[in-house]
Amino acid sequence: MPSLAEKYRPATLEEVVGQPKAVATLQRLDLTGRAVLFGAASGSGKTCLARAAAATVADPIATVEIDAADIGLSDVREYERMLSYRPLATKPCYAFIVNEVHRMSNAVVSRFLTLLEEPAALRHGFFAFTTTSEGQKKLFGDAFDAIPFASRCLKPRMATAENNLIKDFAAHAKEVAEQEGLSSGHEVALFESLVKRCQCNLREVYSQLEEGVFIG
């Protein structure tokens, strides 16, 4: 049986919970040939947004997802080679999802700067980068100024605990808990407290529900 996090993972942008402004931005634009940088706290929907955005322009067979720490120069060169051709798929792009982009080496960042600067090289591609690091300047640490990299990317506005994220996650968690028989009649305020305790990490909220936080 899949975990709640897997069972309720959004497949489309419309299904993403708690990030309406980011979703609206992505829906408004043609993502072909673009790079997008999602920066927010863990569990707030970055990877869900990246995957859903990628699915709008690329088929699963043409989608690559990788942790940034595992990317070498040979990988970026392979991406460049792939982007020379339209994928043999229904949708027009290759999609590359790079998680925790702040873990990339300086050499890889430099190579990406060149790639992301060339619209012709991206005509068959879409890049989604995610990071939990805050602040563009310090994204890659003191050794590398991240502003040139970030300036090449669209940066959708991500919801945080200070705006509507708590309420949206709580309402969603209550609905999921009731559907799964993990809660009955509990007030939404209790779910808001749960989301706060989990620091707005929806994966942790799902985990707490599975552990029976509202049972008994």
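Me: Is Glu-100 buried or exposed here?
Reply: Buried: in this predicted model, Glu-100 has a relative accessible area of 17%, and the cut-off for buried is under 20%.

Me: Where in the fold is Glu-100?
Reply: Glu-100 sits in the loop between strand 3 and helix 5.

Me: OK, what about Gln-199, what is its phi?
Reply: Gln-199 also isn't a glycine, and its phi is positive, about 55°. You'll find Gln-199 in the loop between helix 8 (188–197) and helix 9.

Me: Buried or exposed, that Gln-199?
Reply: Exposed, with a relative accessibility of 68%.

Me: Changing topic. How many residues are in the largest nonpolar core?
Reply: There are 31. The ones with the most contacts inside that core are Met-104, Phe-112, Phe-127, Phe-129 and Phe-149. At least two core residues each come from strand 1 (35–39), helix 4 (73–82), strand 3 (94–99), helix 5 (106–116), strand 4 (125–131) and helix 6 (147–151).

Me: Which element gives the largest share?
Reply: Helix 5, with six residues.

Me: What does Phe-112 touch, leaving aside its neighbours within four places in sequence?
Reply: Phe-112 is in contact with Val-76, Tyr-79, Met-104, Phe-127, Phe-129 and Phe-149. Apart from this core there is another, of 23 residues, including Val-23, Ala-40, Ala-50 and Ala-54.

Me: Back to helix 4, which of its residues are buried?
Reply: Val-76, Tyr-79 and Met-82. Looking down the axis of helix 4, these fall within an arc of 115°, so they line one face of the helix.

Me: What covers the buried residues of helix 4?
Reply: The cover includes strand 2 (63–67), strand 3, helix 5 and strand 4.

Me: Last one: how do the axes of helix 7 and helix 9 cross?
Reply: The axes of helix 7 (residues 165–179) and helix 9 (residues 202–210) come within 11 Å and cross at roughly 30°. Angles under 35 degrees count as roughly parallel, so helix 7 is roughly parallel to helix 9. The crossing of these two helices is right-handed.

Me: Which residues make the contact?
Reply: From helix 7, Phe-169, His-172, Ala-173, Val-176 and Ala-177. Helix 9 brings Leu-202, Val-205, Tyr-206 and Leu-209.

Methods:
Residues are numbered from 1 along each chain as its sequence is written. This is a predicted model: local features need pLDDT of at least 70, side-chain atom pairs count only at pLDDT 80 or more; totals for chains, interfaces and linings use all residues. Side-chain values use heavy atoms; hydrogens and water are left out. A nonpolar core is a set of buried Ala, Val, Leu, Ile, Met, Phe, Trp, Tyr and Cys residues joined through side-chain atoms within 4.5 Å. Buried means under 20% relative accessible area, exposed over 50%, partly exposed in between (1.4 Å probe, protein chains only). Helices (H or I, at least four residues) and strands (E, at least two) are DSSP runs, numbered from the N terminus. Contact means heavy atoms within 4.5 Å. The arc is that of the directions from the helix axis to the C-beta atoms. Axes are lines fitted to C-alpha atoms, for helices over the stretch in contact, and angles run from 0 to 180 degrees between N-to-C directions. Angles under 35 degrees count as roughly parallel, over 145 as roughly antiparallel, 65 to 115 as roughly perpendicular and the rest as oblique. A crossing is left-handed if the near helix is turned anticlockwise from the far one by less than a right angle, and right-handed if clockwise.
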